[in-house]
Amino acid sequence: MSTRSAHIRAVALGLGMGLALPGARAAAQGQRFEVTIAPEAHAGPVTGRLIVAVAKEEKPEPRLTISPRGPALFAIDLDQLAPDRAAVVDNHAFGYPVSLAALPAGDYFVQAVVNVYEQVHRADGHTLWVHMNDGTVEFFNFAAGNLYSDVRPVHIGGGGAGTVRLAVTHVIPPHPPRADTEWLKHVRIQSRLLTQFWGRPVYINATVLLPMGYDQHPNTYYPSVYPLGHGPVPFQFTPDSAAEAGGGEPRATELRRGTRINPTSGLENGYDFYKSWTAAGFPRVVAITLEQETPYFPDSYSVNSANDGPYGDAIVEEVVPYLEEHFRIIRKPYARQLEGASTSGWQTLAMELQHPDVFGGGWVLQPDQIDFRHYQLTNIYADTNAFTMTYGQFTPIERSFQRTVEGQVLLTTRQLSRFEAVLGTHGRSGYQLEAWEAVFGPVGPDGYPVPLWDKVTGTIDHTVAAYMRDHGYDLRYYAQQNWATLGPKLAGKLHFFAGDMDNYYLNLGVYDFQNFVDSTANPHSDADFTYGRPLKGHGWHSFTWAEMVEKMAAAVARDAPPGEPTTAWHY
């Protein structure tokens, strides 16, 4: 990209000057917001992303409802903004779903929120400004240390255009640590590998759910199952009959794709799972969830990444050994089972493919795109634009990103790209498209992820697509290229599930993967595929969590080498 075109693109994304000098003139005939950060909220200069949320309702607070279907958003970058110095958000700021000038006249409620960045000196020589935390999953609008203003009622447009002043006076406090219980133990592991990569402490958090009778059987070692999604608590387990742990709720990272648009089917609530977990005859296993927030997304996808760092190595070389040293877990591959849905479905398949000698089985539910010929509805190798396809000679058709199970389009790829461009520049939106770019893609000359496509025009960068494929992130391609080695190691290990009307079109990649494994030879794959039909969406599950644990335990017992004491954990 030339220097001139880079400058034009930067202005288009709202990277231009965002600071107001004393006495600066307001944008002609336009609405503007002047935002100051009080010294008591942040004592020193602030570098980060300032977002002004404009909502039709006062409650919940506009910042708490930020999503593609939430308030209108207008944003600029802050570069060492001094306390009490005004930052101006006006018609030059990039906006979602429209520019500030195009916002319909009316009465609104506005609130400012600041995603505060930290300077890091990465091992690859790049110095970056990104939001860091202790690995706990928290979106920027809930993240400890970020800043926000009070909510103000305003009238916009209709002759009332002018300056609205917002004072950022609040700091989001740290979240209280989760307390250990009889059942749940919380572990925070500082990764040596990730700390070295990022040049500052980086943590991975684990929540360990102990089996019934763990303390009463001190000589028993148990299989481990890793439900990589479902929030911080494995299978939303709770002994509290009043709480019920929101059975069927998707994990937090999945809400970043938009909204919960259909209820999860086929799952029990957390209290019913507790009753199964403690029932006589239920298999006794240790269940472990992981939280591994990166600067670019609430999940690392558990693979090595040029942008995120060596998370795959950290899980296999640091986290799993640590857990097996501190809990009575069988330290053999056959006894380690992976399970995940959506983000964690991709993660499960990637970990099984990349570490077939470490894990004994992968239960892959509605995974993120596992064949990049179906990157949602885009073939990133052959298509030139992610936003549109041509129907006939002249008619452009918008590509959908999200739909109902009936097929109604809820969000287009163009809209989501604009939304992410507002939330952050240089790949720092913390949202879905840029999460994939950070995990799968290369590092740019500036040290930040290189976009797969331009967030304004939709033009695909095929050099990025080729990098993603050639570095092992197109999982169908990776498996196909390495089948002679992988095939014998994956026998009996792969189980796939998808609804026929997945709300993000993720069933298409599962069909692609099945087409590949059906064609395999020497050996022929025995991977099994279960599809929900008809009208089964992204939250569809073929059976309950308790049934899932029983199936994983049965797979462990089946694959145990001769002489293994599998009856010890079936009390």
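Author: In this predicted model, Pro-97 sits in the loop that runs between strand E5 (94–96) and strand E6 (106–116). The peptide bond joining Tyr-96 to Pro-97 is cis, with omega at about 0 degrees. You can find another cis bond between Asn-522 and Pro-523, where omega is again about 0 degrees. Pro-523 belongs to the loop between helix H11 (507–518) and strand E25 (528–532).

Next, have a look at two residues with a positive phi. Gln-376 is not a glycine, yet its phi is about 60 degrees. Its place is the loop between strand E19 (361–365) and strand E20 (388–391), and Gln-376 counts as buried because its relative accessibility is 3%, under the 20% cut-off. Tyr-505 is not a glycine either, and has a phi of about 65 degrees. You will find Tyr-505 in the loop between strand E24 (494–499) and H11. With 9% relative accessibility, Tyr-505 is buried.

Setting aside neighbours within four places in sequence, Ser-400 is in contact with Leu-377, Val-409, Leu-411, Thr-412, Thr-413 and Tyr-505. Is Ser-400 buried or exposed? Ser-400 is buried, because its relative accessible area of 5% is under 20%.

Methods
Residues numbered from 1 in each chain as written. Predicted model: local features only at pLDDT ≥ 70, side-chain atom pairs only at ≥ 80, totals over all residues. Heavy atoms only, no water. Buried < 20%, exposed > 50% of the residue type's maximum accessible area, 1.4 Å probe, protein only. Contact = heavy atoms within 4.5 Å. Helix = DSSP H or I, 4+ residues; strand = E, 2+ residues; numbered from the N terminus.
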